[in-house]
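This report covers salt bridges, a helix pair and some backbone features. The structure comes next.

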Amino acid sequence: MRFGQRCTAGLTTLLLPLAALVGLASPAQAATSATATYAKTQDWGTGFEGKWTVKNTGTTSISSWTVEWDFPSGTSVTSAWDADVTSSGAHWTAKNKSWNGTLAPGAAVSFGFNGAGSGAPANCKLNGSSCDGGSVPGDNAPSAPGTPTASGITDTSAKLSWSAATDDKGIKNYDVLRGGTKVATVTATSYTDTGLTPGTDYSYTVQARDTADQTGPASGAVAVRTTGGTTTPPTGNKVKLGYFTEWGVYGRNYHVKNLVTSGSASKITHINYAFGNVKDGKCVVDDTYAAYDKAYTADQSVSGVADTWDQPLRGNFNQLRQLKAKYPNIKVLYSFGGWTYSGGFAQAAANPAAFAASCKAVVEDPRWADVFDGIDIDWEYPNACGLTCDTSGAASFKNLLAGLRSTFGANYLVTAAITADGSSGGKLDAADYGGASAYADWYNVMTYDYFGAFDADGPTAPHSPLTSYAGIPAAGFNSADAIAKLKAKGVPAAKLLLGIGFYGRGWTGVTQSAPGGAATGAAPGTYEAGIEDYKILKTSCPATGTIAGTAYAYCGNNWWSYDTPATIAGKMTWAKNQSLGGAFFWEFSGDTSNGELVNAISGGLA
């Protein structure tokens, strides 16, 4: 993509990495002694604040603790901190967090809770023994079960089987998790999940629980696709793909639910989630907070259900999971690179197999293995210059896609966003796009950003011309020439998607309304000078003319070019006449709240 800088949430610096938290927890070891004491720290009549303090009074370390007590009828815990508190009737159980279970000899830890009622705790037990200093037995957490295997897959069910976990005290049962959410608890090492949707992707893991109700680590994930259903869009056979930006959840306040409220979700077939980073020749998640940790309230969530603090997956990935459940035809691809992160592709191309393996590990992470249906590579640009210059050679792009296809196989989508420079000796001639297309399902041809205020003094020109025109500043800088060149290189028309920008590019200091005028610099923009969303421009600077199949606008001394529903309709007709595979756009948040540009693409390709 031409623009799209990463925005980092300040909150992420306050969060410990998940791996670090997991590393702090360890099974209980040798027997020792400990106490658990209770104090009521506040009382406001109808409720109170309570605090338990666990102290290791022995000579060996304690690596986990569980405090149990009974409350009289009418008294209950309403919220808690620094412990996981659950209840069964009047019996309450508090277990340590992953970071505060270990107590050295003489050390103590406290956890608190808010309560309703006025009763006091009774029948206290600490790790199954007396709270006043009894012996604390050791108990290791169970191991991870074997990765499940799937069999007997039908339209609506799948049978899962796994090898047993081990535990020093014995295994009580297993939790079966679908997409990170528990769907069953069983004592056997198999389970048949029913009530599934035909033609839908699912991901399963299993977690063991021992006789002390300690849970161990989850197994590896198995991906399951039910039979039946359809993999084609409900209307027509053209791809209608939009980019969803990871950082849009911050300043732009654009979330996955906006795809639902705008009506766009019902009109698209694919989403590219942008962007994963490329570091040290490997795919990595960029903003982990936005991707899988940001909590959504019920009104912000696609499902209408609020995220909880302890659920396995939150953030954009969980919202995309919910979107796919609501709109089963939508496929989601994880896009890596972009304008900012393309500098890492040269190292990746030096070892395509290792790069592909790292990408598959990210896409198939057990926490979100059911979310993604493929991978998109946005390398700007192979063997040419973007934000940085690449000199890896003309074959590097083909080799990279070949490695991805070999690793991901036929069941995943493998796509790429590519340059639309149709000039002689330009970027399309710098790499083997024809040969690489054999390994791609399609190319997102970035037929926009041809002209803009990066040439500060002009001349003014449309940033996404469909065709050439008299006075165009550079030959070959238009959609028709780019598509023609790609076809000449052997890329099938059905593997080419026409790109649409949901934004405009503009200049200031312009004195003429027609294209070709001089300028003094970039027009003011909400997020970046020279760039503005369509949803703003349609009213702040309405279109005053069209040229080369796209619109332009002159207002005051500012000159903008952008696509409108009318010009998009014309471009979609052109794309169909060219037998292209469909269209894509950058990006959702530039559209109006009722998705009028998405509607124009969908209607134009019907």
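How many salt bridges does the count come to? It comes to 17 salt bridges, a salt bridge being a side-chain nitrogen of Lys or Arg within 4 Å of a carboxyl oxygen of Asp or Glu. This is a predicted model, in which local features need pLDDT of at least 70 and side-chain atom pairs count only at pLDDT 80 or more, while totals for chains, interfaces and linings use all residues. Residues are numbered from 1 along each chain as its sequence is written, and side-chain values use heavy atoms, with hydrogens and water left out.

**Salt bridges**

| Pair | Separation of the closest N and O atoms |
|---|---|
| Arg252 and Asp533 | 2.7 Å |
| Asp441 and Arg405 | 2.6 Å |
| Lys571 and Asp563 | 2.8 Å |

Arg252 forms a salt bridge with Asp533. Arg252 lies in the loop between strand E18 (239-245) and helix H2 (256-261) and Asp533 in strand E28 (residues 531-533), so this pair ties together parts that are 281 residues apart in sequence. Helices (H or I, at least four residues) and strands (E, at least two) are DSSP runs, numbered from the N terminus. Both Arg252 and Asp533 are buried; buried means under 20% relative accessible area, exposed over 50%, and partly exposed in between, with a 1.4 Å probe and protein chains only.

The salt bridge of Asp441 with Arg405 also links distant parts of the chain, with Asp441 in the loop between helix H9 (433-436) and strand E24 (442-445) and Arg405 in helix H8 (residues 396-408), 36 residues apart. Asp441 is partly exposed, with a relative accessible area of 29%, whereas Arg405 counts as buried at 19%.

In the pair formed by Lys571 and Asp563, Lys571 is buried at a relative accessible area of 1%, and Asp563 counts as buried at 1% relative accessibility. Elsewhere, salt bridges that share partners join Arg252, Asp533 and Lys535 into one network.

**Helices H12 and H13**

How do the two helices pack? The axes of H12 (residues 565-577) and H13 (residues 596-605) come within 8 Å and cross at roughly 30°. Axes are lines fitted to C-alpha atoms, for helices over the stretch in contact, and angles run from 0 to 180 degrees between N-to-C directions. H12 and H13 are therefore roughly parallel to each other; angles under 35 degrees count as roughly parallel, over 145 as roughly antiparallel, 65 to 115 as roughly perpendicular and the rest as oblique.

Pro565, Ile568, Met572 and Lys576 of H12 make the contact with Glu596, Leu597, Ala600, Ile601, Gly604 and Leu605 of H13, where contact means heavy atoms within 4.5 Å. By class, seven residues of this contact are nonpolar, one is polar and two are charged. Ala, Val, Leu, Ile, Met, Phe, Trp, Tyr, Cys and Pro count as nonpolar, Asp, Glu, Lys and Arg as charged, and the others, Gly among them, as polar.

**Backbone features**

The peptide bond from Glu380 to Tyr381 is cis, with omega near 5°, and Tyr381 is found in the loop between strand E22 (374-378) and H8. A cis peptide bond also joins Trp586 and Glu587, with omega about -20°. Glu587 is found in the loop between strand E32 (582-586) and H13.

Asn123, in strand E8 (residues 122-126), has a positive phi of about 60° although it is not a glycine. Asn123 is exposed, with a relative accessible area of 56%. Ser579, in the loop between H12 and E32, has a positive phi near 60° and is a residue other than glycine. At 45% relative accessibility, Ser579 counts as partly exposed.
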